[in-house]
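Here is a short tour of one protein model, written for someone who likes to check geometry as they read. Have the coordinates open and follow along.

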Amino acid sequence: MSSNKKDYVKFFRQSSPYIHAHHGKTFVITLGGEALASPNLNNIINDIALLSSLGVRLVLVHGARPQIEERLSTRGLESKFHNEKRVTDRQCLECVMDAVGNLRARIESKLSLGLVNSPMHGASIRVISGNFVTAKPLGVIDGQDFLHTGAIRRIDKEAIQQQLDSGYIVLLSCLGHSPTGELFNMEVEEVATHTAISLEAEKLLLYSKLEGVQDPQGQHISRLSPQEAGKVLQSLQGASRRLLSSAISACHGGVDRAQLISYEQDGSLLLELFTRDGSGTMVSRDRYEEIRAASIEDVGGILELIRPLEQKGILRRRSRKELEREIRLFRVISLDGMIIGCAAIHLFSGENTAELACLVVHPDYREKNRGDLLLSSIEEQAAQQGMEILFVLTTQTSHWFVERGFAESTQKSLPQEKRNQYNPERQSKILVKKL
């Protein structure tokens, strides 16, 4: 089998749990005007159609900032902003309506094509728009009348849910209607955030130019808690600030996860949703990755993790029954439900000594010092139990432990019970560390 075919099989197998997990869930996707002007738009539409075919309930919320600017420029009009919000007068509102109407028709037509020459050729994708968003005037702020710029008054979640139940993709824009028949221009991020919160959506997905968020040093950040994201927000401005602020607000409002992905990267939506490492930045209310005590449900994941090392002779073999008996001794690193690391601790209370055993991190996830985090967790647990010495037996990783404060020792340093169990055929090195 060629490497490309192997990669495909591996990706498909790894994505299958996500296909099952996402089925029937509600996702709100934000498509800013910049994304709709991107050369990658057709691929984005194909990916959205694929999500719909997999049973994901989709609400698309689109903006029109660059398209509005283009129409204003054509008419010789200038944009007016106050505190980074557009002031929408009557002439500007006409440009907004023109841009939004044009983009809505374009999105609907692309989703209605049957996606010729695409993986979704022949798929029946139904799209519906409507007056699902009720708006109110933003009013006067700092002496500035925002005129036809509005804010969210209400999302008609019952009507949207009814359309989702009927299999439609619901398409919303940055325009909202008032009970008096007026139209108001709103920020697309505000509409998307309120919609996701109102629908109690599982995810809010926001397309941006960058592949998520970067720290002040320019390094990509893959995951953030809302609290961590709030700190990063202080260093951002412009579109990145608006999008991350929307993600934070969504999580605070009850949305489990908000994810920022790039509209320039082909397949970013699929990579973010169907791979464990994703492609952008996730702001998550839950503990996407955590070190915790193992449970009986983790036995299968631990076995899958340690089997390759047992086959190489790096670890001694453990049966499922043995693992089930000793599962309370293990701590694991769980990444989105997958066990990517484990370690066990055996206490010899009579001698104030503990053994660190079966320290393993999945080869694809050995960055970010996960081994050190597991070691620290075991050391902390041992210290809390009153242990003074931590030892480990290893055949091939002694240098790693020496670099972390362990010193090579002899069998005499082992508790008597462990000395009796020592297997001379393995010739395991004994390393000891004072806690």
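Strands here are DSSP runs of type E with at least two residues, numbered from the N terminus. The model is a predicted one.

**A buried histidine**

By that definition, His-62 belongs to strand E2, which covers residues 57–62. Is His-62 buried or exposed? Its relative accessibility is 1%, and buried means under 20%, so His-62 counts as buried. Leaving out residues up to four places away in sequence, the contacts of His-62 include Leu-31, Leu-36, Val-100, Arg-104, Cys-174 and Val-188.

**Nonpolar cores**

The largest nonpolar core has 81 residues, and the members touching the most others are Ile-29, Ile-48 and Leu-111. Helix H5, residues 90–111, is the top contributor to this core with nine residues. Which residues does Leu-111 contact beyond its neighbours within four places in sequence? They are Ile-45, Ile-48, Ala-49, Leu-60, Ile-125, Val-127 and Ile-169. There is also a second, separate core of 22 residues, with Val-361, Leu-374, Phe-406 and Leu-431 among them. As background, nonpolar side chains in soluble globular proteins tend to be buried together.

**An open sheet and a crossing helix**

Seven strands make up an open sheet with mixed pairing, ordered E19-E20-E21-E22-E23-E25-E24. Strand E19 (289–293) and strand E24 (407–409) are its edges, each pairing on one side only. From one strand to the next, the twist averages 30 degrees. E19 and strand E20 (residues 330–335) run antiparallel and are joined by five bridges; Ala-293 stands opposite Arg-331 in E20. Helix H11, residues 299–311, lies across E20, strand E21 and strand E22, at about 85 degrees to E21.

**The largest pocket**

How much space lies in the largest pocket? The volume is about 970 Å³. Its lining has 36 residues, and those nearest the centre are Leu-315, Ala-357, Cys-358, Leu-359 and Leu-393. E22 gives the most to that lining, with seven residues. The table lists elements that each supply at least two lining residues.

| Element | Residues |
|---|---|
| Strand E21 | 338–348 |
| Strand E22 | 353–361 |
| Helix H13 | 370–384 |
| Strand E23 | 389–394 |
| Helix H14 | 398–402 |
| Helix H15 | 416–421 |

Terms used:
Residues are numbered from 1 along each chain as its sequence is written. This is a predicted model: local features need pLDDT of at least 70, side-chain atom pairs count only at pLDDT 80 or more; totals for chains, interfaces and linings use all residues. Side-chain values use heavy atoms; hydrogens and water are left out. A nonpolar core is a set of buried Ala, Val, Leu, Ile, Met, Phe, Trp, Tyr and Cys residues joined through side-chain atoms within 4.5 Å. Buried means under 20% relative accessible area, exposed over 50%, partly exposed in between (1.4 Å probe, protein chains only). Helices (H or I, at least four residues) and strands (E, at least two) are DSSP runs, numbered from the N terminus. Contact means heavy atoms within 4.5 Å. Two strands pair if DSSP finds at least two bridges between them. Axes are lines fitted to C-alpha atoms, for helices over the stretch in contact, and angles run from 0 to 180 degrees between N-to-C directions. On a 1 Å grid over the protein atoms alone, a cavity is a set of points where a 1.4 Å probe fits but cannot get out, and a pocket is an open set with protein on both sides within 12 Å along at least five of seven lines; lining residues have an atom within 4 Å of a point. Grid points are joined across faces, edges and corners, and a volume is the space filled by probe spheres set on the points.
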